[in-house]
Amino acid sequence: MEKIVFFNTTWMDSYQGKEDKVYMGGSYVEQNGYGHEIYNFKNIKGKVYGYVQPTGRNNLERLGVRKNTESLSGVLVIFTATHGEGGTYIVGWYKNATVYSDYQETRIEERKYQDEYIGYYAVANAEDAILLNKDERVGVFEPIPKGKGGMGRSNVWYADSDNMNDFRRKVLTFIDNYEKEKAKRVSKIKNLKDSTLKKKVEIAAIEKATDYYTKLGYDVKSVEEDNVGWDLEVRLKRMLLRVEVKGTSSSGILVNLTPNEYNNMKLYKDSYRVAILTNALNESILYIFSFSQEKNKWIDDYGNILEIEDIISARCFI
């Protein structure tokens with residue numbers, strides 16, 4: 001059976017520190033203006049440290065270990081809090097956490113508030129911690145059950161009575177589905193960011209190459225949308241240069257040519273140029289490679305040789 005424990009804490013927006021407003025905190029929070037769970041989801045050097053106010057020691061026996069066990073790893077710690085409009089809801093969780101029976105003292109500076117170092121009862125890797133936003137907390141899962149077998153007055157609840165088995169299954173299913181959906185969203189955001197960065201690099205490279213040839217007195221025309229095998233047509237009197245432009249966000253030169261670009265590079269060796277802008281969005285450097293008949297190599301003005309590696313690929317499908 002999955003080792004699960006619920007820590008009922010004060011409702012906060014982010015659990016990141018003193019600027020976080022505290023809601024529904026009980027007498028301690030009313031008197032002091034903050035709760036010790038204030039840093040529960042703060043990433044501190046790759047770790048998160050969870051606080052809850054228990055009634056005495058945490059009884060880890062209820063998680064299936066022997067009596068007087070001081071700590072237990074591999075626990076799913078689910079944090080809950082009471083909403084201002086009523087109802088106690090899941091606000092986040094730690095997976096694969098270590099839970100302690102007693103309060104753990106600490107001297108971690110990032111957990112210091114008003115000259116007090118705030119200890120903890122659970123620790124996990126930050127990558128295994130998820131905090132729901134305010135709307136998700138009340139919109140995606142049912143309130144925590146009260147009454148027989150449900151969460152009582154204690155802030156530490158194990159949900160281990162027989163009539164809570166169905167609720168536990170629902171919780172595990174919800175967490176699993178949520179994490180899968182979040183992984184999809186993160187992947188889409190990453191792809192979008194990568195796509196946006198790539199476009200910015202491409203634009204910067206085209207602008208730099210255009211500016212370079214324009215200052216030399218050439219007429220520059222973009223043929224990027226024409227799929228001819230190069231990006232710019234650069235003319236001066238009767239001379240025509242076909243310039244393929246590439247950009248990188250790093251200082252290294254490693255670019256790919258499409259089959260069309262590569263074929264035209266070989267076909268128009270004398271008039272083809274490969275312009276590569278490195279570190280495109282910062283202190284960029286433009287390298288322009290042309291073919292040297294003497295050395296049978298693609299070389300730039302600095303003597304750099306553009307090494308070319310043929311890559312054979314295939315698409316297989318039904």
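The accessible surface of the protein chain amounts to about 19,200 Å², and carbon and sulfur atoms account for 46% of it. The model is a predicted one. Of the 318 residues in the protein chain, 41% are buried. The radius of gyration is 30 Å, whereas a compact globule of 318 residues would come in near 20 Å. Along the principal axes, the C-alpha atoms fill a box of roughly 90 × 55 × 35 Å. Four helices and 17 strands are found in the protein chain. When contacts between residues at least 6 apart in sequence are considered, 58% of them join residues at least 24 apart.

Strand 14 (residues 239-247) pairs with strand 13 (residues 232-236) in the antiparallel sense, over five bridges. Within this pairing, Leu232 has Val243 of strand 14 as its bridge partner. Two residues lie between strands 13 and 14 in the hairpin that they form, and Lys237 in the turn shows a positive phi of about 55°. Strand 14 also pairs with strand 15 (residues 272-278), here in the parallel sense and over six bridges; Val245 stands opposite Ala275 of strand 15. Together with helix 4 (residues 259-267), strands 14 and 15 make a β-α-β unit, which is right-handed.

Turning to charged side chains, the structure holds 13 salt bridges. Side chains of opposite charge can pair when their charged atoms come close. One of these salt bridges joins Arg57 to Glu70, with 3.2 Å between the closest N and O atoms. Both Arg57 and Glu70 sit in the loop between strand 4 (47-50) and strand 5 (71-82), 13 residues apart. Arg57 also forms a salt bridge with Asp102, and here the closest N and O atoms are 2.9 Å apart. This second pair links distant parts of the chain, since Asp102 belongs to strand 6 (residues 88-104) and lies 45 residues from Arg57. Arg57 counts as partly exposed because its relative accessibility is 40%, and Glu70 is likewise partly exposed at 45%. Asp102 is partly exposed too, with a relative accessible area of 28%.

A further salt bridge connects the side chains of Lys246 and Glu244, at 3.5 Å from N to O. Lys246 has a relative accessible area of 15% and is therefore buried; Glu244 is buried as well, at 1%.

Technical notes. Residues numbered from 1 in each chain as written. Predicted model: local features only at pLDDT ≥ 70, side-chain atom pairs only at ≥ 80, totals over all residues. Heavy atoms only, no water. Pairing = 2+ DSSP bridges. Right-handed = clockwise from strand over helix to strand, strands pointing away. Rg over C-alpha atoms; globule rule 2.2 N^0.38 Å. Buried < 20%, exposed > 50% of the residue type's maximum accessible area, 1.4 Å probe, protein only. Contact = heavy atoms within 4.5 Å. Areas by Shrake-Rupley, 256 points an atom, 1.4 Å probe, with all protein chains shown as cover. Salt bridge = Lys/Arg side-chain N within 4 Å of Asp/Glu carboxyl O.
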